[in-house]
Structures are given as structure tokens and as C-alpha cells.
Amino acid sequence: MESNPSSVVLETDRLVLRTLVPADLDALAALYADPEVRRYFPDGTRTRKETREELDWIIDVYYGRYGYGLWATVLKETGAFIGRCGLLPWEIEGRTEVEVAYLLDRSHWGRGLATEAARAIAGHAFATLPVDRLICLIDPENSASRNVATRLGMSLLWKDYVDEYGTCDVYALPRDGVLL
Ligand SMILES: CC(C)(COP(=O)(O)OP(=O)(O)OC[C@H]1O[C@@H](n2cnc3c(N)ncnc32)[C@H](O)[C@@H]1OP(=O)(O)O)[C@@H](O)C(=O)NCCC(=O)NCCS
């Protein structure tokens with residue numbers, strides 16, 4: 001794992017999104033150990049070791065190979081690490097798709113922060129990546145996540161999409177207003 005210094009990727013009114021660094025392990029592991037935060041993830045909570053493996057993967061593979069990934073989400077007001085949001089690559093039906101991903105600490109839900117982050121992330125993705133659309137993979141029971149996606153302008157692309165992780169609904173936001 002490289003230990004490059006963190007760099008700012010995006011800024012919104014209330015948030016800074018910056019690259020994750022190995023020193024974020026404690027904060028990320030605390031987030032991933034919360035069963036409420038991980039409720040709709042097929043693999044549930046993560047141990048510190050699993051979180052370290054994911055962090056290594058984000059830094060080495062996502063940043064290194066794709067130039068994007070999940071970013072530390074920091075509240076400007078306090079400087080606190082309150083989540084990780086960003087972009088994830090997927091191969092679906094032979095096509096590379098890019099997901100807008102968001103996960104915040106429970107104490108910061110209900111403030112519009114995930115939607116604020118997701119809007120900035122989607123704008124960044126369309127400005128920097130040659131993608132025709134962005135997607136979200138959402139557990140049908142995860143209404144908070146679905147609400148963020150619909151506030152972002154996404155609509156349902158595939159219901160009950162099944163992959164190796166389970167079943168989810170796929171929402172999409174087209175670049176040009178037409179779902180491809
Ligand atoms: C998904 C998740 C990020 C959504 O967080 P959230 O706080 O509900 O979403 P938003 O940031 O868009 O906030 C919206 C809420 O804030 C309220 N709000 C308060 N102040 C606001 C403001 N200034 N601007 C906008 N909304 C505001 C909205 O009314 C809305 O409330 P409601 O849910 O009661 O309708 C959060 O539930 C989470 O981290 N879950 C665990 C991880 C997860 O499942 N991620 C998705 C995987 S697909």
C-alpha cells in the first residue's frame with residue numbers, strides 16, 4: 001500500500017471529499033463495525049482486518065487503476081471524518097458501470113449530507129469520466145439510499161438484479177437525460 005498524502009477531490013457547502021489514506025483505518029473501521037450502517041450490505045459489518053484490506057484495495061486498485069474510488073467524507077464545520085462516499089466500478093452484463101456510493105455515520109443521517117455529497121460526486125463523474133450514465137445498486141429495503149438516488153434524479157433501471165452478492169435494484173442517472 002502506498003502512503004501518498006491525502007488530496008482533496010471535491011468540496012461542497014458543508015463537506016470535503018478527500019482521498020483515503022492508511023491513517024483513516026481507525027475511523028473507517030469504526031464506521032464499518034456499526035451494524036446499522038452496514039445493515040444493507042450483503043457481507044454485513046467488517047472487522048478491522050477486513051477494513052484494512054478494503055482500504056488497501058481502495059488505495060491500490062481503485063485509485064491506482066481507475067483514478068477514482070471511495071473518498072473520506074469530512075464535515076467542514078468540525079473536521080470530523082463522517083463517512084466514505086465516491087465512485088465504484090462494476091462489470092454488469094459485459095459493460096463497465098460506475099456507481100455513486102455513499103455511507104455516513106449514523107449521527108449525521110437526516111441532514112441532507114449524503115445527497116449533497118452524491119450530487120457533487122455525480123457532477124465530478126460526468127465531468128471527468130467518459131460514462132453515459134451512473135448507477136446505484138440498492139437493497140430494495142434500503143429506503144434511505146433509494147431516497148438519495150431519486151433526489152439525485154435517478155430512476156429504476158432494473159428491478160431485482162441478481163449478482164454474486166445477492167439481489168438488488170439498480171437505479172440509473174443518464175448523462176443526457178435518456179436512459180441507455
Ligand atoms: C444512505 C444514507 C447515506 C442516507 O443518508 P440520509 O441522511 O438519509 O440522506 P440525506 O443526506 O439525503 O438526508 C435526507 C434527509 O435529511 C433531511 N434534511 C435535513 N436537513 C436537510 C438539508 N439541509 N438538505 C436536505 N435534506 C435535509 C431530509 O428531509 C431527509 O430526511 P428524511 O430522510 O426524513 O426524508 C444513510 O442512510 C447511510 O449511511 N446508510 C448506511 C449506508 C448505506 O446503506 N449506504 C447506501 C448503500 S446502497
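Glu-99 is buried, yet has no salt bridge; buried here means under 20% relative accessible area, with a 1.4 Å probe and protein chains only, and a salt bridge is a side-chain nitrogen of Lys or Arg within 4 Å of a carboxyl oxygen of Asp or Glu. The nearest side chain of opposite charge, Arg-84, lies 7.6 Å away (Lys and Arg count as positive, Asp and Glu as negative, while His and the chain ends are not counted).

This is a predicted model, in which local features need pLDDT of at least 70, side-chain atom pairs count only at pLDDT 80 or more, and totals for chains, interfaces and linings use all residues. Residues are numbered from 1 along each chain as its sequence is written, and side-chain values use heavy atoms, leaving out hydrogens and water.

What does the side chain of Glu-99 make a polar contact with? Its partner is the side chain of Trp-90, at 2.8 Å. Trp-90 is also among the residues that Glu-99 touches, together with Gly-86, Leu-87, Leu-88, Ile-135, Cys-136 and Leu-137, not counting residues up to four places away in sequence. A polar contact is a pair of N or O atoms within 3.5 Å, where within protein one must be able to donate a hydrogen and the other to accept it, and residues adjacent in sequence count only if both atoms are side-chain atoms; touching, or contact, means heavy atoms within 4.5 Å.

Now for the wider view. Along its principal axes, the C-alpha trace of the protein chain spans about 40 × 35 × 30 Å. Buried residues make up 48% of the 180 residues in the protein chain. Of the contacts with a separation of 6 or more, 56% are between residues 24 or more positions apart.

Notes. Buried means under 20% relative accessible area, exposed over 50%, partly exposed in between (1.4 Å probe, protein chains only).
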